[in-house]
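Open the structure in your viewer and keep the selection tool ready. We will go stop by stop.

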Amino acid sequence: MKIATWNVNSLKVRLPHVLGWLEANPVDVLCLQETKLVDEKFPAAELAAAGYRSVFSGQPTYNGVALLWRADRGWDARDLTVGNPRFPDEQKRLIAATFGDVRVISAYVPNGQAVGSDKYDYKLRWLDALAAWLSDEIAAAPRLVVGGDYNIAPADADVHDPAAWADQVLCSVPERERFGALLSLGLTDAYRMFEQPPKTYSWWDYRQLGFQKNRGLRIDHLLVSAALAGSVRACSIDRAPRKLPQPSDHAPVTVELGPAEAATA
DNA sequence: ATGGCCCGTAGAACGGGA
């Protein structure tokens, strides 16, 4: 079973990229963030024509998350949850559903804008509430994957220029402590379960030739629960879509789980 | 040295992103 996550920075603009990527990488479940689409405009029909069913939670202009899954797997999106029941929030940043025996969550963590700002405070509170909710979720569904744009570079190895980013938003100690709190729930950063090429990131600024110079951050993650950690076979970041014309500034990340696929085949 | 891009909502710039 393959599960991926991708911040597409407008699904309206990026739909051709998503369709093309899914054709080349037919993952079982894809978590999307920053769809920036109201539900009435979600391209469910186009995705269905490409073989993917979808559930989604959007709003005008900002945020918006979705889960896509292969129609030919025969799954329904069970126990659909939109938002964090423990954190009332106008912003559409969370969606969860169970596919087969794996619960999948697509999360768009707030950016935080700048350390000390109101948005930063909201980010920390949002992350505290996320941890509280995930504790419940893991207890109810031990086989769980949280894919998303976490807007946190967990360690300096995830930052192209750690000195320049030190204590800045996305890299500050309180944010990294929140990421650590998620790991304390038994979650594991699937990417770091394997030896990886150095200086691999998942986001590059559109400005200053950020991608060409590989001035990036690794802020998109797939966290797997303890019950699933032993099933993880691979995890990688695909830079290819970032090279296409009019790309998202984020790259997709994919995790492969072992025995579950055979069990559902 | 500063800001340098992209998206949505606009229907011109501006907020937001990271």
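**Stop 1: the DNA**

Select DNA strand B. Around DNA strand B are 23 residues, the closest being Ser-10, Lys-12, Asn-111, Tyr-206 and Arg-207. Here "near" requires a C-beta atom, placed from the backbone, within 6 Å of the molecule or strand. By class, this surface has eight nonpolar, nine polar and six charged residues. Nonpolar covers Ala, Val, Leu, Ile, Met, Phe, Trp, Tyr, Cys and Pro; charged covers Asp, Glu, Lys and Arg; the others, Gly among them, count as polar.

This is a predicted model: local features need pLDDT of at least 70, side-chain atom pairs count only at pLDDT 80 or more, and totals for chains, interfaces and linings use all residues. Residues are numbered from 1 along each chain as its sequence is written, while chains are lettered from A and ligands numbered from 1 in the order in which they are written.

**Stop 2: the sheet**

Six of them form an open sheet in the order 3-4-2-1-14-13, with mixed pairing. Strands (E, at least two residues) and helices (H or I, at least four) are DSSP runs, numbered from the N terminus. Two strands pair if DSSP finds at least two bridges between them. Strand 3 (52-57) and strand 13 (232-237) are at the edges; each has a single partner strand, so one side of each lacks a neighbour in the sheet.

Select residues 29-33 and 65-70. These are strand 2 and strand 4, paired in the antiparallel sense over five bridges. Cys-31 stands opposite Leu-67 in strand 4.

**Stop 3: a loop**

Go to Gln-113, in the loop between strand 7 (102-108) and helix 3 (118-140). Its phi is near 60°, a positive value in a residue other than glycine.
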